[in-house]
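Here is a short note for a colleague who is new to this structure. Please keep the model open while reading the points.

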Amino acid sequence: MTEDNEEMVVTPWEVRGEIDYDKLIEQFGVQPMTPSITERIAKQAGFVHLQLRRGIYLSHRDVDWWLDEHNKGNRVGLYTGRGPSGHVHLGHLLPWFFCKYLQDAFDTELYFQMTDDEKFVFEDHLTLDQTIGYTYENALDVIACGLDQEKTHIFSDTEHIHHLYKIALRVSKRVTYSTAKAVFGFQDSDNIGMIWYPAMQAMTCFLQSEREGANIPCLIPAAIDQDPYWRMTRDIAEKMGYYKPAQIHAKFLPGLGKGGKMSSSMPETAIFTIDPPEIAEKKVMAAFTGGQATVREQKEKGGDPTACSVYAYYYFLFEEDDSKLVALENECRSGSLVCGDCKARLAKIISRFLVDFQVKREKAKDNLEEFLIN
Ligand code: TRP
């Protein structure tokens with residue numbers, strides 16, 4: 001099979017191939033996003049977030065219900081997480097920025113799970129010391145996204161287990177091995193840590209309710225590959241006396257290479273938040289574009305933004321202004337903008353973003369404790 005039509009695989013542990021989002025919505029049995037949901041969120045927030053305007057949230061489960069609960073004056077909550085297997089790249093930041101938007105708009109608590117246990121049992125090459133180390137590093141990135149210190153509760157599965165274990169046990173008792181195998185495709189050769197882990201990821205859906213002694217509707221912004229966990233959780237939630245968690249699913253940020261999502265396993269095509277700005281600029285300058293082989297051809301035939309990783313960065317993150325984005329697209333298609341110039345512009349934008357983000361990340365070291373669950 002060639003790289004172009006490699007079979008699509010989307011599981012919580014593996015994402016590869018050309019992603020067909022319509023097919024995913026069908027396969028996962030989730031609801032496509034609707035203009036009315038976008039409108040309702042935007043109305044509460046006072047503006048339409050770039051990620052909503054550009055269809056980066058493609059599908060959901062029960063967001064309308066979560067919004068109804070909020071409308072009724074009931075408290076609602078948010079949950080997301082991160083598997084600390086390495087440094088954070090721009091793709092990871094997308095849902096965290098969105099969490100900030102939702103947190104501000106709906107005035108919610110956010111429970112943020114760091115799954116150092118998951119990454120230890122799933123990744124052969126990682127030691128516990130390493131995943132715990134990345135938990136600390138990654139938490140700085142989470143804080144740098146501007147989340148509310150009073151309302152954001154970051155926790156590590158290993159460090160804060162005493163807050164989590166009882167709920168996880170209650171989840172685990174409700175899920176049979178046969179269900180876990182059907183949902184996650186476990187094999188006999190998998191270690192038993194992997195088989196226990198879904199109880200930990202599910203547990204957080206109920207954490208706020210448990211801590212506050214009230215049934216609080218939980219919404220999870222996450223990339224769509226995490227959906228199997230919530231499918232499992234939704235099956236047992238009501239039996240445990242809680243609402244089913246709602247979800248809103250993001251698309252994957254593409255890498256700077258040809259096709260595929262941004263991935264830590266291909267560091268040359270991923271921009272890490274700790275990359276020195278000049279290294280990030282070099283990565284952008286080496287990015288795969290939708291341009292022609294030569295400048296002359298480009299001027300004659302124009303480029304194809306839909307196949308361009310550089311355009312994707314403007315689209316997903318770095319060109320807030322819709323009319324400027326359209327102008328960029330037109331200049332590309334007409335051939336009046338050549339790839340070198342377009343990349344150089346993006347490289348500068350990303351480099352400025354990193355300088356600013358790294359200052360915030362550094363400052364986060366001083367108030368990390370304030371963000372941790374206690
Ligand atoms: N399993 C996720 C990962 O590998 C981490 C995670 C835990 C998560 N809980 C979550 C992600 C909730 C999104 C939402 O990255």
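Predicted model: local features only at pLDDT ≥ 70, side-chain atom pairs only at ≥ 80, totals over all residues.

The points below go from the sheet to the helices and then to single residues.

1. Seven strands make up an open sheet, and their order is β3-β4-β9-β8-β5-β6-β7. The pairing in this sheet is mixed. Which strands stand at the edges? They are β3 (31-32) and β7. Each has a single partner strand, so one side of each lacks a neighbour in the sheet.

2. Look at β6 in detail. Strand β6 covers residues 110-114, and five of its five residues are buried. In a regular strand, side chains alternate between the two faces of the sheet. On one side of β6 are Leu110, Phe112 and Met114.

3. Now the β5 side of β6. Strand β5 (residues 77-82) pairs with β6 in the parallel sense, over five bridges. Within this pair, Arg82 stands opposite Met114 of β6. Between the two strands the chain passes through helix α5 (residues 90-106). This β-α-β crossover is right-handed.

4. Then the β7 side of β6. Strand β7 spans residues 152-156 and is joined to β6 by five bridges. These two strands run parallel. Phe112 has Ile154 in β7 as its bridge partner.

5. Another pair in the sheet is β8 with β9. Strand β8 (residues 218-223) and strand β9 (residues 246-250) pair in the parallel sense over five bridges. Here Ile220 has Gln247 in β9 as its bridge partner.

6. Helix α15 holds residues 309-318 and helix α17 holds residues 339-371. They pack at an angle of about 40°, with their axes 10 Å apart. The crossing of α15 with α17 is left-handed. From α15, the contact takes in Val310, Tyr313, Tyr314 and Phe318. From α17 come Cys342, Lys343, Arg345, Leu346, Ile349, Ile350 and Phe353. By type, the residues of this contact are nine nonpolar, no polar and two charged.

7. The axes of helix α2 (residues 35-45) and α4 come within 10 Å and cross at roughly 35°. This crossing too has a stated hand: α2 passes α4 in a left-handed crossing. Ile37, Arg40, Ile41 and Gln44 of α2 meet Val63, Asp64, Leu67, Asp68, His70 and Asn71 of α4. What is the make-up of this contact? The residues divide into four nonpolar, three polar and three charged.

8. Check two backbone angles. Most residues other than glycine have a negative phi. Asp62 has a positive phi of about 60° although it is not a glycine. Asp62 sits in the loop between β4 (57-61) and α4 (63-71). With a relative accessible area of 23%, Asp62 is partly exposed. Asp107 lies in the loop between α5 and β6. Is Asp107 buried or exposed? Asp107 is exposed, at a relative accessible area of 52%.

9. Gln226 deserves a look. Gln226 is in the loop between β8 and α12 (227-237). Its relative accessible area is 17%, and buried means under 20%, so Gln226 counts as buried. Leaving aside neighbours within four places in sequence, Gln226 is in contact with Pro12 and Gln201. Gln226 and Tyr21 are 205 residues apart in sequence, yet 14 Å apart in space, C-alpha to C-alpha.

10. Finish with Leu207. Leu207 belongs to helix α11 (residues 207-212). Leu207 is buried, with a relative accessible area of 0%. Which residues does Leu207 touch, not counting those up to four places away in sequence? They are Tyr111, Phe155, His163, Leu164, Ile167 and Ile373. Of these, Ile167 is 40 residues from Leu207 in sequence and 7.6 Å away in space, C-alpha to C-alpha.

Note on methods
Residues numbered from 1 in each chain as written. Heavy atoms only, no water. Buried < 20%, exposed > 50% of the residue type's maximum accessible area, 1.4 Å probe, protein only. Helix = DSSP H or I, 4+ residues; strand = E, 2+ residues; numbered from the N terminus. Pairing = 2+ DSSP bridges. Right-handed = clockwise from strand over helix to strand, strands pointing away. Axes fitted to C-alpha atoms, helices over the stretch in contact; angles between N-to-C directions. Left-handed = near helix turned anticlockwise from the far one by under 90°. Contact = heavy atoms within 4.5 Å. Nonpolar A, V, L, I, M, F, W, Y, C, P; charged D, E, K, R; others polar.
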